[in-house]
Amino acid sequence: MLREMLMSHYMGASMVSDAFVVAFKFPNFFRRFFAEGALNAAFVPQFAGKLSEEGTASAKKMATDVFSIMAWFLFGFVLFIELLTPYVIPVIAPGFSGTPERVELAITFTRITFPYILCISLTALLAGMLNSVDRFWAASAAPILLNIAMIFALLMIPYTHLSSGILLSISVFVAGILQLGWLYWSCMRQGLALPLHLPRITDDVRHVMRQMLPGMVGAGVMQINLLIDLQLASFLPIGSMTYLYYADRLYQLPMSIFGVAIGTALLPSLSKLWRAQDTNQALNLQNKALTFALFMNMPAAIGLIVLSQPLIALLFGHGKFSDADVHQTAPALAAFASGLPAYVASKVFTTTFFASNDTKTPVKVGGFAILGNLILNLCLMPYFLHVGLALSTSITAYGHVIALGILLHKRGLFYLTKDLIHFCIKITGL
């Protein structure tokens, strides 16, 4: 929140802020595929299983092979995108073509920030290893380094001749290196340091990759929806992308604290229970996670909707972020927040699919969710502009989680118990 407050203070809602939003979101979009999303969904169950069945040496050998494959692949991928950035930006933000200055800014910022995807993806793999041995604090603390780097860059703006966009972009790249170094050191302390070697395709690597490929869509449904929002928002007036960015960051606060954290802790535990065929314990753990997630996020959603205007004014309404910008951002926050319970519930449901080694079903459901989001975007955007994009994302989230819940129920992997129904009624009433 401090980071976003400083960003709004020094950058406001302008061409520079719009361009930085694109440059910052682009590597983070792939992060959900190569890092916390598909990679961890495929890697963590395999690593946890190896650890419990064959011991540390076998699990570490598999992790070393996956680490090396990912490192070399992502290095090539980063070089590829760096060369093609002038052609990629018009695809990500096609509406920028009307303002060539925004295009140039986005290209420059993206070329600086994009190597972050290499560092953060390898960081996520190391974090998955630590989580599998029940060590959560080091991985959970890693994002603090990104915040510190960006806050430092923002505080340096008055004292340098570099633009705020350039400074922020550099800080993102530096933060990636710091996060990777921090997690590698943490793994060394646990005896899990991974040497880098030439790519080696083993049976374990093939299995992880087979699980990972379909999981790229299944784990990144919301990110694909947000990318569609980003593309469409680029056609809206200058500042619209910034309004969506700040609204997104604020509703992500409770989701990150409770939704993502629950999914992170749940995946290795569920994977071990499903491998041991302890169905009752797995279902009980899943329902406990779902209950806790809803208990924390349903009140948070209502609070963000009711208090959207004063919250945006308090946090961002200063410096270059005008009162008009506050009035444009607040309804987008309310629209995003209305889908918060669905976002966190889908995180729990998707984790269950991944823990049971099914990454294909979320892909199919995700495909329909992406199509539904696009249709709703096109229907709502002409009438509600950027707020319509946020609202369609929330509506799609409810359709997505309902479909996942029904499919899990049919397989006996989820039961809508009376206690859970009564709990939801009570928390909604309160």
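Helices (H or I, at least four residues) and strands (E, at least two) are DSSP runs, numbered from the N terminus. By this assignment the protein chain has 17 helices and zero strands. The model is predicted, and local features need pLDDT of at least 70, side-chain atom pairs count only at pLDDT 80 or more, and totals for chains, interfaces and linings use all residues. Residues are numbered from 1 along each chain as its sequence is written, and side-chain values use heavy atoms, with hydrogens and water left out.

Burial was assigned from relative accessible area (buried under 20%, exposed over 50%, partly exposed in between; 1.4 Å probe, protein chains only). Of the 430 residues in the protein chain, 56% are buried. Contacts were defined by heavy atoms within 4.5 Å. Among contacts in the protein chain between residues at least 6 apart in sequence, 84% join residues at least 24 apart.

Rings of Phe, Tyr and Trp (its six-membered ring) pair if their centres lie within 6.5 Å; planes under 30 degrees apart count as stacked, over 60 as edge-to-face and the rest as tilted. In one of them, F20 and F24, the ring centres are 5.5 Å apart and the planes meet at 10°, so the pair is stacked. Both residues lie in helix 2 (residues 15-34). F20 and F24 are four residues apart, about one turn of the helix. F20 is buried at 0% relative accessibility. F24 is also buried, at 6%. A second pair is formed by F77 and F114, with ring centres 5.7 Å apart and planes at 55°, so this pair is tilted. F77 belongs to helix 4 (residues 56-92), whereas F114 sits in the loop between helix 5 (100-113) and helix 6 (116-132), so the pair ties together parts that are 37 residues apart in sequence. F77 is buried, with a relative accessible area of 15%. F114 is buried at 0%. One aromatic cluster is formed by F20, F24, Y245, Y246, F316 and F321.

Helix 6 also holds M129. The relative accessible area of M129 is 0%, so this residue is buried. Leaving aside residues up to four places away in sequence, M129 touches F43, F47, A63, L192 and L194. The C-alpha atoms of M129 and V44 are separated by 7.0 Å, although the two residues are 85 apart along the chain.

The buried residues of helix 12 include A282, L283, Q286, N287, A289 and L290.

On a 1 Å grid over the protein atoms alone, a pocket is an open set of points where a 1.4 Å probe fits, with protein on both sides within 12 Å along at least five of seven lines; lining residues have an atom within 4 Å of a point. Grid points are joined across faces, edges and corners, and a volume is the space filled by probe spheres set on the points. The second largest pocket has a volume of about 430 Å³. Its lining comprises 18 residues, of which A345, F349, V401, I402 and L416 lie nearest the centre. Helix 12, helix 15 (340-355), helix 16 (360-410) and helix 17 (418-429) each supply at least two lining residues. Helix 16 gives the most, with six. The lining divides into 16 nonpolar, two polar and no charged residues. Here Ala, Val, Leu, Ile, Met, Phe, Trp, Tyr, Cys and Pro count as nonpolar, Asp, Glu, Lys and Arg as charged, and the others, Gly among them, as polar.
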